Amino acid sequence: MKKIGIIGFGVVGSGVYEIIRKNKDILTKNAGEEIDVKRILDIRDFSAHEEAHLFTKDFNDLVGDSEIDIVVETMGGIKFAYEYTKALLSSGKSVVTSNKELVAAHGDEFFRIAKEKNVRYLYEASVGGGIPIIRPLANDAAANDICEVSGILNGTTNYILTKMFKENESFEGALKTAQELGYAEKDPTADVDGFDACRKISILMSLVTGKKIPSEMVHIAGIRTITAEDVTYAAAIGYTIKLIGCGFTKEGMVNASVEPMLIPESCPLSTVEDVFNSVMVKGNMVDTLMFYGRGAGKLPTASAVVGDVVDIVRSGEYNPYFSWEESDRESFIPYEDVEAKFFVRIEESQIPVAREVFGDREFIKGVNDYGFVTDEITIGKLAADIEKIGGVINKIRLYK
Ligand code: HSE
């Protein structure tokens, strides 16, 4: 029997417990031996829980227990989670996490310790909730040079955008429901302002390139700037708007960004709604792969965590293919050098100068202003051209 510990009995941690209890037989079959929960660390009071004897407030009850081989860290945040994870790996225990902030910031350090101690540090649940994406990238796409990973990586913002634009719900109302459903981060600005998606694209591109992509190298813009008028324009030109995490490699260099993008209705990402996430992966041999599923929520996320636990029960030895090394800051493509088309909104009075700077093109009438699509240009050139025409009302990158 494999005994596990759980740190943090919140939405995901309690989901892990529930799956281990409910799917006991299937887990035994899939892991090759029984998995049981021995200890749960949480500072809150669970004395009324039906298995209250499992709970402790003392970390030493987990790290010092030689019967516990695997610990699930679902507490979130950095401070304590960092110290606990380091101590657990150093004491020879494997760790499974859903904590994307921690993986993105300190994954490289934890992989080094895991290698030294010949244990595992797994993080499937840190990206895309219940969607298998880490393991397919590490294993199944191994024959490919992965040149691009992009998609909808945040369930809360996708839920908000869907509710706002399909059901006319207010931004605040949709965010509140997402929080009530357990989708949002403790601090929902991490969702709304793109930091959560940033951590996820950083993890995916770190895995793909084998080098840490620090969050500060990722261009980040959230969904606060998107208005109902933008959506009306989008619909008029056959597009929808989604918050997209996007990473690509070119001649050994890498770029990653998070920003709202216009998605053509012909692209399957445009149909991804509510809390669902989807990741598109481009490999030079396999072409495009698409992964889809629930990007947040108790049981979908816990399913990915328990999947990692099963993997470790099958083999607890360090596996280098799930890891990356420290950052190589030389090899980043600046955001300004990224090429894309943009949808730009301007005042009617700016049309003549816009025609001079961007060339003749169709100017689409909105409610109060006009919009047009640029040619493919670098983001740096776009900024310079916008300055030449005296500023714009809004600009949104087109997904390609
Ligand atoms: N707050 C995150 C989201 C949870 O909404 O996607 C899952 O990572």
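Is G380 buried, exposed or partly exposed? In this predicted model, G380 has a relative accessible area of 27% and is therefore partly exposed, since buried would require under 20% and exposed over 50%. The residue has its place in helix 14, which covers residues 379-388.

**A serine in helix 1**

S14 belongs to helix 1, made of residues 11-22. The relative accessibility of S14 is 14%, and so this residue counts as buried, the limit for that class being under 20%. A polar atom of the S14 side chain lies 3.2 Å from the backbone oxygen of V11. When residues up to four places away in sequence are not counted, S14 touches F9 and K298.

**Two helix pairs**

Two packed helices are described by the angle between their axes and the distance between the axes. The table sets out these values for two pairs in the model.

| Helix pair | Residues | Axes come within | Crossing angle |
|---|---|---|---|
| Helix 7 and helix 8 | 155-167 and 171-180 | 9 Å | roughly 135 degrees |
| Helix 2 and helix 12 | 24-31 and 298-314 | 9 Å | roughly 40 degrees |

For the pair of helix 7 and helix 8, the axes cross at roughly 135 degrees. The crossing in which helix 7 passes helix 8 is right-handed. On the side of helix 7 the contact involves T156, Y159, I160, K163 and M164, and these meet F171, A174, L175, T177 and A178 in helix 8. Sorted by class, the residues of this contact are seven nonpolar, two polar and one charged.

For the pair of helix 2 and helix 12, the axes come within 9 Å and cross at roughly 40 degrees. Helix 2 is therefore oblique to helix 12, given that only angles under 35 degrees would count as roughly parallel. Helix 2 passes helix 12 in a crossing that is right-handed. Helix 2 contributes L27, N30 and A31 to the contact, and helix 12 contributes V306, V310, V313 and R314. Among the residues of the contact between helix 2 and helix 12, five are nonpolar, one is polar and one is charged.

Technical notes. Residues numbered from 1 in each chain as written. Predicted model: local features only at pLDDT ≥ 70, side-chain atom pairs only at ≥ 80, totals over all residues. Heavy atoms only, no water. Axes fitted to C-alpha atoms, helices over the stretch in contact; angles between N-to-C directions. Helix = DSSP H or I, 4+ residues; strand = E, 2+ residues; numbered from the N terminus. Left-handed = near helix turned anticlockwise from the far one by under 90°. Contact = heavy atoms within 4.5 Å. Nonpolar A, V, L, I, M, F, W, Y, C, P; charged D, E, K, R; others polar. Buried < 20%, exposed > 50% of the residue type's maximum accessible area, 1.4 Å probe, protein only. Polar contact = N/O pair within 3.5 Å; in protein donor to acceptor, adjacent residues only side chain to side chain. Parallel < 35°, antiparallel > 145°, perpendicular 65-115°, else oblique.
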